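Q: I would like to learn how to read a structure of this kind, one feature at a time. Where do we begin?

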Amino acid sequence: MRSILAHGPGRTRERRAEHGHMGPWGHGDMGTWGHGWGARVITGGKIDGLRRVRRNVNDMREVEVVVIGAGQAGLSSAHHLRRTGFEPERDFVVLDHSPGPGGAWQFRWPSLTYGKVHGMHALPGMELTDADPARASSEVIGEYFARYERAFDLRVRRPVDVRAVREGPGGRLLVETSDGTWATRALINATGTWDRPFWPRYPGQETFRGRQLHTAQYPGPEAFAGQRVIVVGGGASGTQHLLEIAPYAAATTWVTRRPPVFREGPFDEEAGRAAVALVEERVRQGLPPRSVVSVTGLPLNDAIRQGLADGVLDRQPMFDRITPDGVEWAWGSLLPERGRELEGGRQVAADVILWATGFRPAVDHLAPLRLREPGGGIRVEGTRAVADPRVHLVGYGPSASTIGANRAGRAAVRDIRRLLEREPVAA
Ligand SMILES: Cc1cc2nc3c(=O)[nH]c(=O)nc-3n(C[C@H](O)[C@H](O)[C@H](O)COP(=O)(O)OP(=O)(O)OC[C@H]3O[C@@H](n4cnc5c(N)ncnc54)[C@H](O)[C@@H]3O)c2cc1C
């Protein structure tokens, strides 16, 4: 048995096919792991001070752990791997398809300043101090993540897009990327949700003559100057968009599926634990994780209070259809909430519909592993996928917060160390 703990982390080995027939899922040319591949170590091509391998389309490299994603969850995981003796580029790699450091933060709108970000927890082992609250969070956090990657020498490979993860030979997982294939004994999936914005469908949507965009494309409030804007969604993003846009727009309308629940008072540790436990229970059952706001409610802060008092946060129930010029509530659909004056139905004209309808876990690349339960989610115990103990989901469900991602990274690494100790490597 070869164990990372018993024998120390193994070397990254470069494996490549001799004649372009790498497909362990089809060509039968690979034999068992470690045989018949014409394996050879190819080094050279020093880039950025790293020993990099030369590659062609058939490159395949072998590591103990692949981390997909270099947001809070991926960097926390990489940090804990490093702390416990795994060497970057030799024992593990971090792959990320974004252009720069910062995870999803690098894409957040410029008006989301660092001062407006609440409850951002620093990554393990390095505080984020003296940040200017007036600067864009995308810049502050992007720079902080870049410093972090350098300080802990995490050597994130980017941009590398992971397209699929499949079963490989010898109990390995094959991680197919835009930069060749990696074979790994364990996988930490830390791909967040930003890449999968959720757009609900409503009748007539395709007929709308105005502009439709999602939070993921929100450019900041100035872009809506003089326009009539409908914001859909009862989460933190929806309320923030409305409060920002209202001073610029000609009119705003807020629609949500359910009446929003505002939470009075501070969100203490106990309430936090209770909220996390609710999401945890869902993923344990294999249900899709719910958003944090759906279990915590919206904090009733001064800005929200003002928005409620001004009528900016005057929530309407969901419309029934979208028309070329706006949205429409059918006859009677507003009655239970709005009273008889709306009995005849209602239209609101709009230039823009802004969908602040959240995100879903970006896990499509895991589809070949068939981890999804009939309930639509991936069943997870702690961070481990119940259907495949080699796969850990960090930043998923209950750990989809900065503090949750920190803790989950540590837990995943602890579990993976145990797995690698236990499982012998074929060959
Ligand atoms: C507007 C907004 C504000 C928020 N504010 C807070 C807050 O104040 N406090 C808080 O705790 N949480 C907040 N959150 C939630 C918070 O962003 C997350 O919990 C945390 O930052 C997510 O980290 P992550 O590493 O899981 O995901 P991300 O930061 O999304 O990182 C995922 C990384 O994976 C990469 N990736 C994805 N798919 C692939 C692929 N196929 N191949 C290669 N790379 C891939 C992406 O490029 C990205 O870099 C906020 C979320 C939003 C949307």
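A: Begin with the ligand: α2 (72-83) and α9 (402-422) each supply at least two residues of the shell around the ligand. The model is a predicted one.

Q: Which helix gives the largest share of that shell?
A: That is α2, with 3 residues. The shell holds 33 residues, and the closest to the ligand are G69, G71, G103, G192 and G395.

Q: How many of the shell residues are nonpolar, polar and charged?
A: There are 13 nonpolar, 16 polar and 4 charged residues around the ligand.

Q: How do I read the interior?
A: In soluble globular proteins, nonpolar side chains tend to be buried together. In this model the largest nonpolar core has 63 residues, and V65, V66, V67 and V394 touch the most other members. Beyond its neighbours within four places in sequence, V67 contacts G74, S77, A78, F92, V94, I188 and A190. There is also a second, separate core of 25 residues, with L313, I322, V327 and W355 included.

Q: What share of the protein is buried?
A: Of the 427 residues, 40% are buried. Among contacts with a separation of 6 or more, 70% join residues 24 or more positions apart. The secondary structure consists of 9 helices and 19 strands.

Q: How do I check the length of a helix, say α3?
A: Count 1.5 Å a residue and compare the result with the distance between the end C-alpha atoms. Helix α3 (residues 137-151) has 15 residues and should therefore span 21 Å; its ends are 20 Å apart, which agrees.

Q: Which residues of α3 are buried?
A: An α-helix has 3.6 residues a turn, so residues three or four places apart point the same way. In α3 the buried residues are S137, S138, V140, I141, G142, Y144, F145, Y148 and E149. These buried residues pack against α2, the helix that also gives the largest share of the shell around the ligand. After α3 comes D153, with a positive phi near 50 degrees.

Q: Where does R135 lie, and why is R135 called partly exposed?
A: R135 sits in the loop between β3 (92-95) and α3. A residue is buried with 20 or more other C-beta atoms within 10 Å and exposed with 12 or fewer; R135 has 15, so it is partly exposed. Leaving out neighbours within four places in sequence, R135 contacts T113, Y114 and V140, and V140 is one of the buried residues of α3.

Methods: Residues are numbered from 1 along each chain as its sequence is written. This is a predicted model: local features need pLDDT of at least 70, side-chain atom pairs count only at pLDDT 80 or more; totals for chains, interfaces and linings use all residues. A nonpolar core is a set of buried Ala, Val, Leu, Ile, Met, Phe, Trp, Tyr and Cys residues joined through C-beta atoms within 7 Å. Two residues are in contact if their C-beta atoms, placed from the backbone, lie within 7 Å. A residue is near a molecule or strand if its C-beta atom, placed from the backbone, lies within 6 Å of it. Helices (H or I, at least four residues) and strands (E, at least two) are DSSP runs, numbered from the N terminus. Ala, Val, Leu, Ile, Met, Phe, Trp, Tyr, Cys and Pro count as nonpolar, Asp, Glu, Lys and Arg as charged, and the others, Gly among them, as polar. The expected span of a helix is 1.5 Å times one less than its number of residues.
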